[in-house]
Amino acid sequence: MVKVLVVGEASREHAIADAFARSVSEPRVYAAMKNRNPGITRICEQTGGSYALGDFTDPSFVAEAAQRFSVDFVFVGPEEPLFKGVSDKLNELGIPCVGPIEAAAEVERSKAFMRRIMWKYGVEGRLRFKSFKNVEDAVAYINEYAESVALKPARQAGGKGVKVIADLQVYLSREKREVKSKHAKTISEKYMAGYNDIDDRILIEERVEGPEYTLQAFTDGVTVKPMPLVQDNKNAFEMDIGPETGGMGSISGPGLLLPFITKEEYDESVRIITKVVQAIEKETGVKYRGVISGQMMLTALWGPTVIEFYSRLGDPEACNVLPFMKADMVEVSEAILRGSLHKVKLEFEDVATVVKAISPRGYPDHRELAKGHPVVVDEESIRKAGCKLYYGSVDLKEDGVMVTGGSRVVEIVGAAPTIPEAEEKVEACIKYVRLTDGWGLFHRSDIGTPTLLNRRIEQSQLVREVYKYRVSRGLIGKTLEWIPGRGRIETTF
Amino acid sequence: MGGVIGLYAFDELWRMSRFTYYGLLALQHRGQESAGISTYGKNLISTRKAAGTVDKAFSEADISSLEGWASIGYVSAEPLNGPEPVQPVTVNSPIRLTLCYDGRVLNLAGELKGRREDEASLVATMLSRELSRCNPLEAVEEVMERLIGVYSLIALTERGEMIAFRDPLGVKPMVIGSFGFDYGVIASESCAIDVVGAEFKADVKPGEAYVFTPYSIDRRQILPARPRYCSYEYVYLARPDSIVNERSIYDVRRRIGRMLAEECPVDADVVIGVPETAIPFAMAYSNATGIPIEMGFMRTGPHVRSAIKPTQFERLVGVQLKLNAIRSAISGKRVILIDDSVVRGNTTKNVVSTMRNRLGVKEVHVRIGSPRIIEQCPFGVEVPPKDELIAAHLTDEEVASVVGADSFHWLSIDALIKALGCSKDQLCLGCFTGEYPEIVKEALSHG
């Protein structure tokens, strides 16, 4: 009897628990979470497992739960437990853990570390950046140089605090510079406030544009086994308008690719991730065991370009791939832990998928408003419609009532031969999720529609033309400029 | 008529007044007599309105002093001290708000009689009252149910909402765009979205409303769309770099140029377009016929939209300064002269007589990219009274003689509809046909 502990409480972890529950080895699934995710709770009960409620980012809490349940191994869903050394602690106790140890998870925790190793080991798809240990230096830099840039907390801060400013019209530069300076302060004072585990505070990166996509992969530190590409949609509202969220929904397929990414670009993305896994080992001396995901963008600069790395599956991206994985989740996990991933045949159903997140009004920037509303879900109708549902930020109270936690409530997944067909299936299920106190829910009805898909295709064609041109001129990885008075300046990077 | 823009930041770090200013510059062609900007931030609405073009109306000090992360702006073809106040107009209670719209409401004449209030303030009061009673989308529905008219309207409230809606006929254009994760834009035309550095997304559809709040953007089709798009937008009003009602203005104007070549062919040595609106017509005319196009005129001073200037004197100054002929392009040739529209005939007469009397042309054939303008616009476009309209009174032969041309041709209505690529019942062709959308009669019967 295999016993596995899943750490985390969001839709991604529900999808992970569900993947384990489908394994032929019929494992008992246990969970460590803070709120009672109704979906995870049910899987624990149905498989004969159990769950522990508490701070799942705390290594001692997770270790204690793993020991109490005497699990065979642990699978960590979110990044924060990894940053705090949950994997290290479990390893010390001899409990295998799918999820990198703290030193390797640094690739996600510190965006400055990630950029540095990409430069040091010459990994393609890197961007020029500067990191700052205090606001004053960042502001001084912004006032003197920064034009079109991305400003980020130097540490992964729950995906929050990133601001990308295209500063292309000189007549609007003054206002934009002001926003950049103020935002640098906000990063330091707000988004980085609770974090003292890295030295850098603010990262300023050159801004690039193009369609984004996520490539998730399992790795045992040697072999990298990639999953199908997924594209998340970050703007809160339709037509890509509104503030940034953790992701309002995502699409994948048909098959391994997306309609706007070529096989060549997919392969290049896999190469980049593989090189980073190797670079992490060279830099830290540790083997990366778990999931690594490249948050990629197709840019004019490189073609496939790294925006960020995740030391785990994406959310919602996990829900596009895990339900359609043909390989056995227990087998894959054990192969990661044993270092035998090369023997695993990682295949997925040949489908297109659409995931849509449903959120309470107030998400993402006013979560206090989005929190505490009673939810009902007609799971039966969703199942009949051929869709899957994964619970997210929902707490199952003792009395059986489900209450929103302030973030995305559920993610609904549909699969079909094409993305628009999958979209229609998911859209038909949105009505089965309701709040009973009259507070509103919202989702993006445009994710996966032909209109939005065509926009991405057009955008990718535009970018592809430019990077192919740059390839043909031998300009990939360098810039060639004429600076009046200084002359011809060639920069290789 | 006028142009509207609204900018709404998703983060209070932003100051939107300068964005609004540049957005209004991009909409300047929709009204050059006066302009206004309102901003919202820290629970305060601030407004500044002044006479003249946008660059004259606002100083650097004005822009710097208008604080706030949300903002709306207006350019108007009506003067500052005219019968209607320049927008945005502000009402203080029950909910303080400021609003502006391009268009005209037709059924408020009764309520306005004997009162000192104006149309826009009345609409603002109506919206304010409804907002105090129900949620913003319901409030918009109440207001849209009561108004008969055309309006592309944007309002900003003391609660930090930006509300935009377009009447069910969608006579006036309205589009939406956004900039990354940072701000949304609503404007009369997509060129304003480009100029503020944002990305054009879509039309605000006829009958549709958007409500931006600090924690949501809601979109709803309030009333069913019954499109009657203004055809004059395509011929003259909108900028060629704009996309309006899912059509590129430039493409439509090129199609019109081709139609002119097909409808009334004539042999000539050169095609000359009257700057600036008629240039795409002339280019397409030349491409279709193989007759070379030349640059016929140079402008002196700033760009002025002469046709919508309020006085005859200003219109003539506008035309004369804008049209200094380039002698060698024209002299001694058989010329096809293409213009966008002829209202009173003064401009055309001025141009043709200069060509004939001072430059010496062999022939002048005038081709107009719009049908005959024979009626006024009930929706606020500055068309003079019928007794001033040359096409309403003279035959084409008479017009040719009056302006001094060898031949004179207006685009046919059928050709215009074809160039627009939609059915006749989706357009307002009132100024060309005298047949207006039903709402004009409806409003009359409501008094």
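Student: How do you know that chain B is in contact with chain A?

Tutor: Residues count as in contact if their C-beta atoms, placed from the backbone, lie within 7 Å. In this predicted model, 19 residues of chain B meet that test with 26 residues of chain A. Helix 1 (17-26), strand 11 (199-203) and strand 13 (216-221) of chain B each supply at least two residues of that side.

Student: Which residues make the contact between helix 9 and helix 15 of chain B?

Tutor: From helix 9 come B:Val252, B:Arg255, B:Ile256, B:Met259 and B:Glu263, and they meet B:Ala415, B:Leu416, B:Lys418, B:Ala419 and B:Leu420 of helix 15. Arg, Glu and Lys count as charged, whereas Val, Ile, Met, Ala and Leu count as nonpolar, so this contact divides into seven nonpolar, no polar and three charged residues.

Student: What is the angle between helix 9 and helix 15 of chain B?

Tutor: About 145°, with the axes 9 Å apart. Their crossing is right-handed.

Student: And how do helix 11 and helix 13 of chain B cross?

Tutor: Their axes come within 10 Å and cross at roughly 35°, and this crossing is right-handed. B:Arg315, B:Leu316, B:Val319 and B:Gln320 of helix 11 make the contact with B:Asn346, B:Thr347 and B:Asn350 of helix 13.

Student: What makes up that contact by class?

Tutor: The contact of helix 11 with helix 13 of chain B has two nonpolar, four polar and one charged residues.

Notes:
Residues are numbered from 1 along each chain as its sequence is written. Chains are lettered from A and ligands numbered from 1 in the order in which they are written. This is a predicted model: local features need pLDDT of at least 70, side-chain atom pairs count only at pLDDT 80 or more; totals for chains, interfaces and linings use all residues. Two residues are in contact if their C-beta atoms, placed from the backbone, lie within 7 Å. Helices (H or I, at least four residues) and strands (E, at least two) are DSSP runs, numbered from the N terminus. Axes are lines fitted to C-alpha atoms, for helices over the stretch in contact, and angles run from 0 to 180 degrees between N-to-C directions. A crossing is left-handed if the near helix is turned anticlockwise from the far one by less than a right angle, and right-handed if clockwise.
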